[in-house]
Amino acid sequence: MDGKPIRRVLEWLLNRDLTDADMAAALDVHPSNFSRHKDDDDYPSFEELATLGEHFHVSPRMLQIAFGLLDTDALVLLNEDEMKQYLEQGGGNHMDPTGSGGKEVRKSRRLSARADRPPL
């Protein structure tokens with residue numbers, strides 16, 4: 001995840017600060033064990049991401065993709081809310097937002113909203 005710690009990603013998605021104690025409680029470990037473990041090369045593991053996602057009501061699958069434990073091919077498995085979370089935490093940086101190799105896509109005139117109809 002480009003060197004981003006899981007705590008920072010969760011703080012961004014939850015829009016609040018998290019302490020080591022919050023993270024330890026979510027993982028059901030003693031805070032001192034979490035403090036020692038959080039800088040390990042293999043942190044967070046697949047299971048830890050699942051546990052953190054479930055605890056903080058964030059998609060575990062999205063976290064596993066974002067941290068490289070699932071291939072980006074798994075993006076097709078995400079529902080709309082999970083995809084929104086993935087894009088919000090910066091996972092969509094490699095995607096072309098225009099979908100056309102950098103060219104602006106023109107909308108069909110037939111699909112334009114009509115002024116005499118309310119929006120759906």
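Me: Is H57 buried or exposed?

Reply: H57 is exposed, because its relative accessible area is 71%. Keep in mind that this is a predicted model.

Me: Got it. Where does H57 sit?

Reply: H57 is in the loop between helix 4 and helix 5, the latter covering 60–66. Its backbone deserves a look too: phi of H57 is near 55°, which is a positive value in a residue other than glycine.

Me: Which other residue has a positive phi although it is not a glycine?

Reply: D28, with a phi of about 60°. D28 lies in the loop between helix 2 (20–27) and helix 3. D28 counts as exposed, because its relative accessibility is 69%.

Me: What is F56 in contact with, leaving aside its neighbours within four places in sequence?

Reply: F56 is in contact with L10, L14, R16, L18, D22, M23 and A26. Take M23 from that list: F56 and M23 are 33 residues apart in sequence, and their C-alpha atoms are 9.7 Å apart in space.

Me: Switching to charges. How many salt bridges are there?

Reply: The count comes to five. R7, R8, E11, D20 and K38 are linked in a network of them. As background, side chains of opposite charge can pair when their charged atoms come close.

Me: Nice, start with R7. What does R7 pair with?

Reply: One partner is D20, with the closest N and O atoms 2.5 Å apart. That pair links distant parts of the chain, with R7 in helix 1 and D20 in helix 2, 13 residues apart. R7 also meets E11 in a salt bridge at 3.8 Å, N to O. R7 and E11 are separated by about one helical turn, because they are four residues apart in helix 1 (residues 6–14).

Me: How exposed are R7, E11 and D20?

Reply: R7 counts as partly exposed at 21% relative accessibility. E11 counts as buried at 10%, and D20 counts as buried at 19%.

Me: And where does K38 come in?

Reply: K38 and D20 meet in a salt bridge at 2.8 Å, N to O. K38 lies in the loop between helix 3 and helix 4 and D20 in helix 2, so the pair ties together parts 18 residues apart in sequence. K38 is partly exposed, with a relative accessible area of 29%.

Me: What else is in that loop between helix 3 and helix 4?

Reply: P44 lies there, and the peptide bond from Y43 to P44 is cis, with omega near -5°. D42 is also in that loop, between helix 3 (31–37) and helix 4 (46–56).

Me: Which residues form the negative surface patch?

Reply: D39, D40, D41 and D42 form it. D42 counts as exposed, because its relative accessibility is 54%.

Terms used:
Residues are numbered from 1 along each chain as its sequence is written. This is a predicted model: local features need pLDDT of at least 70, side-chain atom pairs count only at pLDDT 80 or more; totals for chains, interfaces and linings use all residues. Side-chain values use heavy atoms; hydrogens and water are left out. Patches are made of residues with over 30% relative accessible area and no salt bridge: like charges are joined within 9 Å, nonpolar side chains (Val, Leu, Ile, Met, Phe, Trp, Tyr) within 5 Å. Accessible areas come from the Shrake-Rupley method with a 1.4 Å probe; for residues, only the protein chains shown count as cover. A salt bridge is a side-chain nitrogen of Lys or Arg within 4 Å of a carboxyl oxygen of Asp or Glu. Lys and Arg count as positive and Asp and Glu as negative; His and the chain ends are not counted. The place of a charge is taken as NZ of Lys, CZ of Arg, CG of Asp or CD of Glu. Helices (H or I, at least four residues) and strands (E, at least two) are DSSP runs, numbered from the N terminus. Buried means under 20% relative accessible area, exposed over 50%, partly exposed in between (1.4 Å probe, protein chains only). Contact means heavy atoms within 4.5 Å.
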